[in-house]
Structures are given as C-alpha cells and as structure tokens.
There are 2 protein chains.
Amino acid sequence: VPGHPSMQESKAETFARLHRADDPLLLANVWDVASAVVIEAAGAAAVATTSAGVAWSLGRADGSDLGAQRVAEVVARITAAISVPVSVDIEGGYGSSPEAVAETVNAVVRAGAVGVNLEDRRSATSLYDRSEQADRLAAARAGAGDRPVWINARTDVFLINGDAQTDTRITEALQRAVQYKQAGANSLFVPGLVDLEGLTQIVAGPLPVAVMVWPGAPTVAELTSVGVVRISLGSAIAQAAYQVANRAAKEMLGAGTYDACADSLPYDTMNEMLR
Amino acid sequence: VPGHPSMQESKAETFARLHRADDPLLLANVWDVASAVVIEAAGAAAVATTSAGVAWSLGRADGSDLGAQRVAEVVARITAAISVPVSVDIEGGYGSSPEAVAETVNAVVRAGAVGVNLEDRRSATSLYDRSEQADRLAAARAGAGDRPVWINARTDVFLINGDAQTDTRITEALQRAVQYKQAGANSLFVPGLVDLEGLTQIVAGPLPVAVMVWPGAPTVAELTSVGVVRISLGSAIAQAAYQVANRAAKEMLGAGTYDACADSLPYDTMNEMLR
C-alpha cells in the first residue's frame, strides 16, 4: 500500500539517507506519472517533481497559484505508480500564511510524498523576511504531523534581481540557513548558485546543500567535489520533452516527415511500465 | 468562452473543413495541456489526443479503462488553453454498450471537443460485429446531442492478429465503412495500413480516410497523393518525449552530465505560452 504510514516512513528514511556529501542524491525531475515511471526505470533512487513541469502539464504558468489540491492529486498518482521515494516542489506553499503552508504539506504528505521544497520568495522581486520564512518552515514541519518529511528549504537569494554582490548574497543565505535549520529544515536549496567557490562557502554553513543544474552547469563530479548533498535538474527535462513535441509538429507540418520522433521508447515498453 | 456552444459550433465547422483530400489534416497528437500548447504554437490547425499518451501521463496503460471522466477532465483543460479545434481519442468508448459510448461522447463534447475517435476492437484479438459497432457509432452521434462532432470511426481490421490476407482485410474494412457511414461516422480511420495501393482501395470506399503514421512511414506528400484526408502520429510524439526523460536521467546518473536536455524550449517561452 503506497500511502501506508509504515511504508512511507521507510521511504522517508531511505530518502534522508540518500543525501550524502560524498555521493549526492541525483534528481531528474518529473512532472507526471509517465515521466516518473521512465525515470525510475532509468535507475533513479528517488524522484522529485518540478513545479514548472507539473503546472505546464496541467495548463498553468509556473509561479501562478496551481494550488495544493491539484499538486496532491498528481503526487498521489505518482506515488501509486513507483516504488522509490517522492519529493514535491510546493513552490511557496500555495499561500503566504504558515497555515496555508501547513495545509499544503499535509495534503502532499498524505498523498505519499516524503519530501518537500519550500521557497522563500514572496514575489518576483522580494523574499519573505528570515523570521517569516522560518515560521513558514516550522508550519511545514507541523503540517506533516507524525509523518516524516525531508524539508528542502529553498532560498531565492541568488535568483532575486538587485544590486547585491555574490558575497553579500552568500552571507544572507548563510544567515537564513541558521534560522531555517532552527525551524526544522533539513537542507538548504540554492538555485542560481553553481559557482564552486561560492558553494564551498555555503556547504560550510549549518545545513546540507542542494543545487539546481542545467545543460552546461558543473557536472555531478565537480559538485560532489565541493560537498553538496543533492543535485536536481529543475524543469530542464520537461522543457526538453516539450521541445520534442514542438519540433515533431513543425516537421510534420513543414517537411511532411516524422523523424523528430525517431528516438522513442517503444509503445509496448511504455505500456508495460504503466501496467 | 471555450465551452460556449456557438464557438464550439464554429470550431466544429473548421475541423470538418480541414479534412481535405488535396490538403489533409495533419495531427501531431497531444497528451496534456503543455503538449497541446506547444503543438498549437508550432502552427497546427487542430489537435487530437493520443489515448496512450493521456493514459501514460495519468498512470495507466493504454487500453485499460481510463474512463470517460478522467479523459473529459484532460479535454477540458486542453480546450481552455488553446484556440484550435480539439479531437479526442476515446478508445472503445469506455464501455461496450451503446449507452456507455453515448455517455463518454457527451462528456468529452461538453468538455469542448469537436471530434472523437471510436474504435471497433472488443478485445486484444477480436472486433465488435459490424452491426454492433454501427450501433455504438450511432450512440456516439446521439451522445453529442445538438453539438456537432466529427466521428472518426476507427477499424482495427489491420491491427488484429489472424491469418487474413491484406485483401480480405480491405474488403472487411470497406464493408464496415458502409455501415459506419450509415450510423453517422464522418471518416474511416485505418491504423496499421499505410500501403499506398491498399489505401487507394480504401479511399475509393464510402468514407473519407484517416491514417496513422510513425517515423519511417510514408510521408505526408505520399499519403496526399492517394487521397487520405487526415494523418495522425498516434502516440509517437509522447513516446519520443518520455524517451528524453529516460535518457536525461540515465545520463545524469551515469556520466553525471545533462546534455540530453540541451535542446529545450526556454523556461520563459514555456511559461509565457501557459500564462
């Protein structure tokens, strides 16, 4: 029974153990059941959702209010279909209040998730104050109730526009890490930072560090060398998958051929994996 | 208002007009909102769902009982997000009885669809009798009520295992076309047949002809030369999209790089298209 608490507890323990500085957790992010199934089949030890991919597949922009209920439905379908632990990107928690965050975490954990990403961005240009975000993280922990959940506290210090130098941002991220840890966070997620020297400073802080990569970013080996515990691809795979759809349509409508689909998973293989 | 009857009527007229023997309707099949949006952006004049892709994305095998309600929910999301006509693969109608077929067509038409595919396969190895399938097609027409819907009557004569020679199958398909037309079908869909001589014989029959293609199948130009009115890619694009996910995960877990995602739609482009 995928949603059974004891199995979920065991998955949560597995998921926590996978965060290792000498052998980081590698997350090829998923957005629906089929992507989760084919990525599990590729050998992934765990999967994590991309909020962007989930939103796009359901007809929303990333960062709009997709809502806890829609996300929980996707999570329930994914956890029912695969055996490895599932972590969920809940963006800003689908509400600014700690109560909203707690309800969102409760919904996705009841749907079988054993991890969440919660970000500290309030708007396109501002972050929640440190203490506000600490309250929201504490609410995330409380929302999970008795069920264990790995809280990956995302700070958008490195994504927010502004004049701040990288050193200033690193200092801010480290100060946030102190409060986020006290509030119950298990790791600090720093999208926008892949500079190895900068990461070395963040890794020396109070929380294990998670990074986001893309084609051309430092390799797994390079990032392992500075001690990060988790590396994820964000929306990159979804963007590449939908590119295939766009190219295939253009080719059919233009040249009248179908070569963009030549490299594909066989129908029977897909069907067997989803059975 | 996407679901407004008058706009739906106008889309249905457009969709019907797109079935032309000298300039066939080209369908790069979609399985969720994002695939529909990027395929519309590629210039598609209409979109059609792939039942396999929809099922896989929701965690089911193709040909299992996905159910009318789940399909209608996907259709409603797609029709809300794009402007071109949408046709829906309803497999066998999610039930063998004419009543079940009528309910399914009603659900997807109310969700904004202006076309359906209904197949005559009863099981992995057998078809409904001609008259049974004619009753099911008539029920599909009745299920749409006042709303116009293009009924693409799929026959699996060319997919079913057995000893029958191609000529025998063509004769059977043509006999079915007579009854399917009387029952209200608008076109005959013959997956499994792309032989140009065989298609020429089918095209000479009572219904306009739709074909399914894949990488390596006859080109749009070749199929236009024999007079088919509609060409679709079935699940090929979905299979290629999920292959990208499988390859990206294997590369990240193996080489520790991310090149499988290098060819991708930009995040901002995706987000703008879904806004």
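How much area do chain A and chain B bury between them? Show both chains: the answer is about 5400 Å², 68% of it on carbon and sulfur atoms. Buried area here is the accessible area (1.4 Å probe) that two parts lose on being put together, summed over both. Now pick A:Trp56, A:Met252 and A:Tyr258, which lose the most area to chain B and together make up 13% of what that side buries.

Before going on, some ground rules: this is a predicted model, where local features need pLDDT of at least 70 and side-chain atom pairs count only at pLDDT 80 or more, while totals for chains, interfaces and linings use all residues. Residues are numbered from 1 along each chain as its sequence is written, chains are lettered from A and ligands numbered from 1 in the order in which they are written, and side-chain values use heavy atoms, with hydrogens and water left out.

Next, color by pLDDT (the predictor's confidence in each residue, from 0 to 100). Chain A has a mean of 96, with 99% of its residues at 70 or more. For the model as a whole, ipTM and pTM are both 0.97.

Back to the interface. Select contacts (heavy atoms within 4.5 Å) and you'll get 66 residues of chain A against 66 of chain B. Then look for polar contacts, meaning N or O atoms within 3.5 Å; within protein, one must be able to donate a hydrogen and the other to accept it, and residues adjacent in sequence count only if both atoms are side-chain atoms. Across the interface there are 26 such residue pairs, both at pLDDT 80 or more. Helix H10 of chain A gives the most to the side that touches chain B, with 16 residues.

Zoom in on A:Arg247 and B:Asp263, whose side chains meet in a salt bridge at 2.7 Å, N to O. The rule (a side-chain nitrogen of Lys or Arg within 4 Å of a carboxyl oxygen of Asp or Glu) finds two of these across the interface.

Definitions and conventions: Helix = DSSP H or I, 4+ residues; strand = E, 2+ residues; numbered from the N terminus.
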